[in-house]
Amino acid sequence: MSTLTILRHGKSLWNTEKRFTGWTNVDLSTAGISEAKHAGQLLKTRGVSFDLCFTSYLNRAIDTLNIVLEAMQLSHLPTHKDWRLNERHYGALQGLTWFEARKKYGTKQIVTWQRDFDAPPPPLEVTDARFPGNDPLYAHLPSTDLPQSESLRDTLARLLPFWQDVVIPELRNGKRILIVAHHNSLRGLIKHIDHISDTDIANLRIRTGDPILYELTEEMSPIRREHLRPRSSFARFSEKLLGRWLQHATH
């Protein structure tokens, strides 16, 4: 049996502003720092430990990982950064608030881009400052790897080689692994692990700062999945209302 823990970073400054972030490097908010500390405390109290950690190239995930490890007194652990764990690239939506995007493109279209598995937002021009090819952080990557926009399908496609070639061998070697990443890179990973359909993935939301524990077979099939941060009854009710609203908005 292999053990894997995945964690979405704490709330960022742009999460608080309801702004499409994507690959934009935005710091954690005060609430996000608290969420990261709480996640570390939850994991420590539960007796969870790790041998190896992975995160993305983006500060909000890196900082969350560092805070979690400090809270667990595991700051000595080896950590590896990989761009393939980055958030989905939101193309021309990056930097817009949800309300600005809704005004420009319409609610139905925005919800489609957010929820549908194969619906990328409008792409950026390569001359746009938001295109990763203009960021020195990605100068070592071939331009063909750098997205101008991504659907969840695209995000999963660039994530899967990392999962198969880097993470799975470590899990099969008995390493207990923590991955700290982003809403859509983790949605893609959960879709793959749990065999969620292209349609049903629209209903999956991952909360910030909520550690998710997996026990996996040798074939990487899930034996168990557990969220460490319990949801309140109000949160469950709100998610049901949101799901109904999304269905209405997309039809």
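Strand β5 is mostly covered, since 5 of its 5 residues are buried; buried means under 20% relative accessible area, exposed over 50%, and partly exposed in between, with a 1.4 Å probe and protein chains only. Helices (H or I, at least four residues) and strands (E, at least two) are DSSP runs, numbered from the N terminus. This is a predicted model, in which local features need pLDDT of at least 70 and side-chain atom pairs count only at pLDDT 80 or more, whereas totals for chains, interfaces and linings use all residues. Residues are numbered from 1 along each chain as its sequence is written, and side-chain values use heavy atoms, with hydrogens and water left out.

In a regular strand the side chains alternate between the two faces of the sheet. In β5, both faces are covered: Ile212, Tyr214 and Leu216 are buried on one side, and Leu213 and Glu215 are buried on the other.

What are the partners of β5? Strands β1 and β5 run antiparallel and are joined by 5 bridges; two strands pair if DSSP finds at least two bridges between them. In this pairing, threonine 5 stands opposite leucine 213 of β5. Strand β6 also pairs with β5 in the antiparallel sense, over 5 bridges, and arginine 225 in β6 is the bridge partner of tyrosine 214. The strands β5 and β6 form a hairpin with 5 residues between them, and methionine 220 in the turn has a positive phi of about 70°.

The view can now be widened to the sheet. It is an open sheet of 6 strands in the order β3-β2-β4-β1-β5-β6, and the pairing is mixed. Strands β3 (79–81) and β6 stand at the edges with a single partner strand each, so one side of each is left without a neighbour in the sheet. From one strand to the next, the twist averages 20°. Elsewhere in the sheet, β2 (residues 52–55) and β4 pair in the parallel sense over 4 bridges, with valine 180 in β4 as the bridge partner of threonine 55. Helix α6 packs on the sheet and touches β1, β2, β4 and β5; its direction makes about 130° with that of β1. Here the axes are lines fitted to C-alpha atoms, for helices over the stretch in contact, and angles run from 0 to 180 degrees between N-to-C directions.

Helix α7 (residues 183–194) has 12 residues and reaches 16 Å from its first C-alpha to its last, close to the 16 Å expected at 1.5 Å a residue; the expected span is 1.5 Å times one less than the number of residues. Because 10 of its 12 residues are buried, α7 is largely enclosed by the rest of the structure. Among the buried residues are Leu186, Leu189, Ile190 and Ile193. The cover over the buried residues of α7 includes β1 (2–8), α5, α6, β4 (177–181), β5 and β6, where contact means heavy atoms within 4.5 Å. Just after α7, histidine 195 takes a positive phi of about 55°.

Aspartate 210 lies in the loop between α7 and β5. Is this residue buried or exposed? Aspartate 210 is buried, with a relative accessible area of 1%. Its side chain is joined to that of arginine 207 by a polar contact of 2.9 Å; a polar contact is a pair of N or O atoms within 3.5 Å, where within protein one must be able to donate a hydrogen and the other to accept it, and residues adjacent in sequence count only if both atoms are side-chain atoms. Leaving aside neighbours within four places in sequence, aspartate 210 is in contact with Ile6, Leu7, His227, Leu228 and Arg229.

The last topic is charged pairs. A search of the whole structure finds 17 salt bridges, each a side-chain nitrogen of Lys or Arg within 4 Å of a carboxyl oxygen of Asp or Glu. One of them joins arginine 172 and glutamate 218 at 3.7 Å, N to O. Arginine 172 lies in helix α6 and glutamate 218 in the loop between β5 (212–216) and β6 (222–227), so the pair ties together parts that are 46 residues apart in sequence. Salt bridges that share partners join Arg46, Glu215, Arg224 and Glu226 into one network.
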